[in-house]
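Please look over the sequence and the model below before reading on.

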Amino acid sequence: MPNAVASEAPHNRRLMALFAVLGFSAGLPFYLFATVLFLRLARHGVDLTIIGFFGWVSLLPTFKFAWAPLLDRFAAPGFTRFWGLRRGWIMLAQVGIGISIVGLALADPDRNLAVTAFWAVLLAFWTTTVEIAADAWRVELAPDAARQGPLSAANLWGYRSAMVAAGSGTLIIADHWGWTLAYLAIAVTACCAFPLVAITAPDEHATTRNRWSALGIGAIATLVTYVAVAALVAAVGWPVLAMADHLGIGAKSNVTTPVLVIALLPFVLMALALPKIRRMGPEAPLRRSAALGPYIDIFWRFGYGSMVLLGFVAFYRMGDVLALNMSKPLVNAVGYTLTQVGLADSWVALVTSMAGVALAGWMVTRWPYGLSLTIGATLSAIGNYSFVWLYHMPVQPWVLYVATGLEQFGHGFEGTVFVVYLSLLVNPRYAGSQYAFFSGFAFLLPRLIAGAAGALTKVIGYDGIFVISGTLTLAPLLFLPFLARLKPRMATDL
């Protein structure tokens, strides 16, 4: 046994290094269509309500379950035949990320916000595609908590390192040489996982026969895929913007109430469908469906407890999302420079977030998940409340560093615990689809509400929005006693 453990150690270290890089490749672009973009818009004088609307770009990852089954069943054009299913999609999406960042770099918010939104949505799509493929691969490689903890921690180390690099690097470069050069510099770094994945050995399903012919056909298929995705984004986006203009939705709109109503609809629809799902046998067409079967399986296994489970999943990160959307506009309003914010987002954020991720990665393998989730929510709430304190303090770098450190430590700890918890809810038979559903649903309600955060902040103030975000972070703890008694139904229970 000791020899077996020793022989597995280098393999595990290689996997951890690989998933750290994959986390970096997903985290780097996320900041560019989220907090960095919000600060860029604020510096260009865009109204706070409109900045809040840009938070809805982050809704796209919450719907990743819509195309996750495609990544489970179909090959990535031009890549899968050489590197296998998961790695093929990762590499295809990496190129899409690079193209989208360049487009966002050249977009000018002062002249056309619609073009900026187009490239931001495209970047969100390809970033999410990398996450779907990487998460599915991780769950397949590590189906239990003992192995999932280290891989999840490594993935989040990479993810948070990238957010630090994107946040600090982009802002410091932008402060000295402008936003375009800042985005282009990040675009060069964004595809860092591509060569690492490319040199890994192809899996058993990959083939390299007729390589030159396949490369030519693959290049054409890849180009067609990128053009098709861009056309789809444009075809959906422009009518949506036209409808918003027709309805008079703009800088003076208060969309909080309709957003809350829309946010409750998923729970209503799930409650109505549950009785029928629970009665389904193993041969029921919906349970065997390639498109819906993975999601029907979740409700079939957890039954009415799935409402409690999904309520907890939807609320656990809500405070973080509100804080993420409004933190950069807050520090901009207080009077901090881009360089000061960039320095806070560099070494301070890196050290504290890595510490939070490492502590959580160690804890989830040894402590009950309920206790780990409780500690994560508490630390994250403290981080959110720290921005209330920052808002009322004079502009001093150490104040920004303390608030950033508390926020990053709490969010790093909470995020790691949450990733492991979601991974253990997944049926390994549907690894990619179900993890995409859980992780997407986790941010559906938060990001819907966060889109209205700009309008709400104009009413209650920055300090008010961060009081709310901290309180919402603690609210999900009320679900834990119910989750502790929740046991999934097995096929043998029929």
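**A walk through the predicted model**

The protein has 22 helices and zero strands in its secondary structure, where helices (H or I, at least four residues) and strands (E, at least two) are DSSP runs numbered from the N terminus. This is a predicted model, in which local features need pLDDT of at least 70 and side-chain atom pairs count only at pLDDT 80 or more, while totals for chains, interfaces and linings use all residues. Residues are numbered from 1 along each chain as its sequence is written, and side-chain values use heavy atoms, with hydrogens and water left out. Of the 494 residues of the protein, 54% count as buried; buried means under 20% relative accessible area, exposed means over 50%, and partly exposed lies in between, with a 1.4 Å probe and protein chains only. Among contacts (heavy atoms within 4.5 Å) between residues at least 6 apart in sequence, 84% join residues at least 24 apart.

A20 counts as partly exposed because its relative accessibility is 22%. From C-alpha to C-alpha, A20 lies 6.1 Å from W157, although the two are 137 residues apart in sequence. When residues up to four places away in sequence are not counted, A20 touches A154, N155 and G158.

A pair of aromatic rings is described by the distance of the centres and the angle of the planes. Here the rings of Phe, Tyr and Trp (its six-membered ring) pair if their centres lie within 6.5 Å, and planes under 30 degrees apart count as stacked, over 60 as edge-to-face and the rest as tilted. A search of the whole structure on these terms finds 20 aromatic pairs. In one of them, F299 and F437 have ring centres 6.1 Å apart and planes at 80°, so this pair is edge-to-face. The pair links distant parts of the chain, since F299 belongs to helix 14 (residues 293–302) and F437 to helix 20 (residues 431–450), 138 residues apart. F299 counts as buried at 9% relative accessibility, and F437 counts as buried at 7%.

Aromatic residues also gather in a cluster made up of F312, F315, Y316, Y369, F418, Y421 and F479. Its member Y421 is placed in helix 19 and, at 8% relative accessibility, counts as buried. Beyond its neighbours within four places in sequence, Y421 is in contact with L309, F312, Y369, L373 and L483. S372 itself is found in helix 18 (residues 369–391) and is buried, with a relative accessible area of 0%. Its contacts, again leaving aside neighbours within four places in sequence, are M363, V364, W367, F413 and V417.

Helix 19 (residues 397–425) also holds H411, which is buried, with a relative accessible area of 6%. With neighbours within four places in sequence left aside, H411 is in contact with R160, R317, D320, A323, S380 and N384.

What space is left between the atoms? On a 1 Å grid over the protein atoms alone, a cavity is a set of points where a 1.4 Å probe fits but cannot get out, a pocket is an open set with protein on both sides within 12 Å along at least five of seven lines, and lining residues have an atom within 4 Å of a point. Grid points are joined across faces, edges and corners, and a volume is the space filled by probe spheres set on the points. By this rule there are three cavities of 30 Å³ or more, and about 710 Å³ of space lies in the largest cavity. Of the 41 residues that line the largest cavity, E131, L156, Y159, R317 and F443 are the closest to its centre. Helix 19 gives the most to this lining, with nine residues.

The second largest pocket has a volume of about 620 Å³. It is lined by 30 residues, of which R301, F302, L424, L425 and P488 lie nearest its centre, and the elements giving two or more residues to the lining are helix 13 (285–288), helix 14 and helix 19.
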